[in-house]
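Subject: Handing over the structure

Hi,

Here is the structure I promised to pass on. Have a look at it first, and then read my notes below.

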Amino acid sequence: MREWLEGYIITLGTELPVEDNELETALEMLHKRLEDLVEQQDSICELHEKGEYSDRLFKRRNDAIEKEIDQVETDIADLEMKISEQSETQSAALNIIPTTQKILDNYDQLTAKEKNDLWKEVLYQVTYRKTEKKGKFDITIYPKIPRKSP
């Protein structure tokens, strides 16, 4: 478990923030695009009111802009969901490190029940398999860290 924790701390420190920054930048760009589309829609309304756009041209342009606004709003909602999931993943990742360290540092002083209760906070499953050698077994641990969305 100590080996996993050390490797995880190194991985956590180098990988997670980059994607967050990219997602935030993409979200800002989508919000800017939405503002531009709303301005375009206001502009065509003004041109229609002044009589510079026919009803037919106004309807065609307005429908096209409405369609694009709907798509951008959908994209914004999807991206906000991804950012939220990423934030939850980072939070879980950051919380698992101190809890695991606490367990490992105090392991010898804990009762069996305390050990089990603490491990349940950071692991959702542990499997073990007996090997051919007498008294030996392989252990696989599954930490409670949300998986990334595809």
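Let me start with a term that comes up a lot: a salt bridge means a side-chain nitrogen of Lys or Arg within 4 Å of a carboxyl oxygen of Asp or Glu. Please keep in mind that this is a predicted model, where local features need pLDDT of at least 70 and side-chain atom pairs count only at pLDDT 80 or more, while totals for chains, interfaces and linings use all residues. Residues are numbered from 1 along each chain as its sequence is written, and side-chain values use heavy atoms, with hydrogens and water left out.

**The overall layout**

In sequence order that gives the pattern α-α-α-β-β. The chain has 150 residues, and 26% of them count as buried. Here buried is under 20% relative accessible area, exposed is over 50%, and partly exposed is in between (1.4 Å probe, protein chains only).

**The salt bridges**

There are five salt bridges in the structure, and I'll go through some of them. In general, side chains of opposite charge can pair when their charged atoms come close.

- In helix H1, Lys 32 and Asp 36 sit four residues apart, about one turn of the helix. Their side chains meet in a salt bridge (3.0 Å, N to O). Lys 32 is partly exposed because its relative accessible area is 45%, and Asp 36 is partly exposed too, at 25%.
- In helix H2, which covers residues 55-105, Lys 59 and Asp 63 are also four residues apart. Their salt bridge comes in at 3.1 Å, N to O. With 41% relative accessibility, Asp 63 counts as partly exposed.
- In helix H3 (residues 112-122), the pair is Lys 113 and Asp 117, again about one turn of the helix apart. The closest N and O atoms of this salt bridge are 3.0 Å apart. Lys 113 reaches 58% relative accessibility, so it counts as exposed, whereas Asp 117 is partly exposed at 35%.

**The strands**

Strand S1 (residues 123-130) and strand S2 (residues 137-143) pair in the antiparallel sense over seven bridges; for two strands to pair, DSSP has to find at least two bridges between them. Arg 129 has Asp 138 in S2 as its bridge partner. The hairpin has six residues between the strands, and Gly 135 takes a positive phi near 80° there.

**Two surface patches**

Patches are made of residues with over 30% relative accessible area and no salt bridge, joining like charges within 9 Å and nonpolar side chains (Val, Leu, Ile, Met, Phe, Trp, Tyr) within 5 Å. Accessible areas come from the Shrake-Rupley method with a 1.4 Å probe.

The nonpolar patch, of about 450 Å², is made by Val 126, Tyr 128, Phe 137 and Ile 139. S1 and S2 are the elements that give two or more residues to this patch. Val 126 lies in S1 and, at 46% relative accessibility, counts as partly exposed.

The negative patch is formed by Glu 35, Glu 39, Asp 42, Glu 46 and Glu 49; Asp and Glu count as negative, and the charge is placed at CG of Asp or CD of Glu. Glu 35 lies in helix H1, residues 2-49, and is partly exposed at 47% relative accessibility.

Cheers
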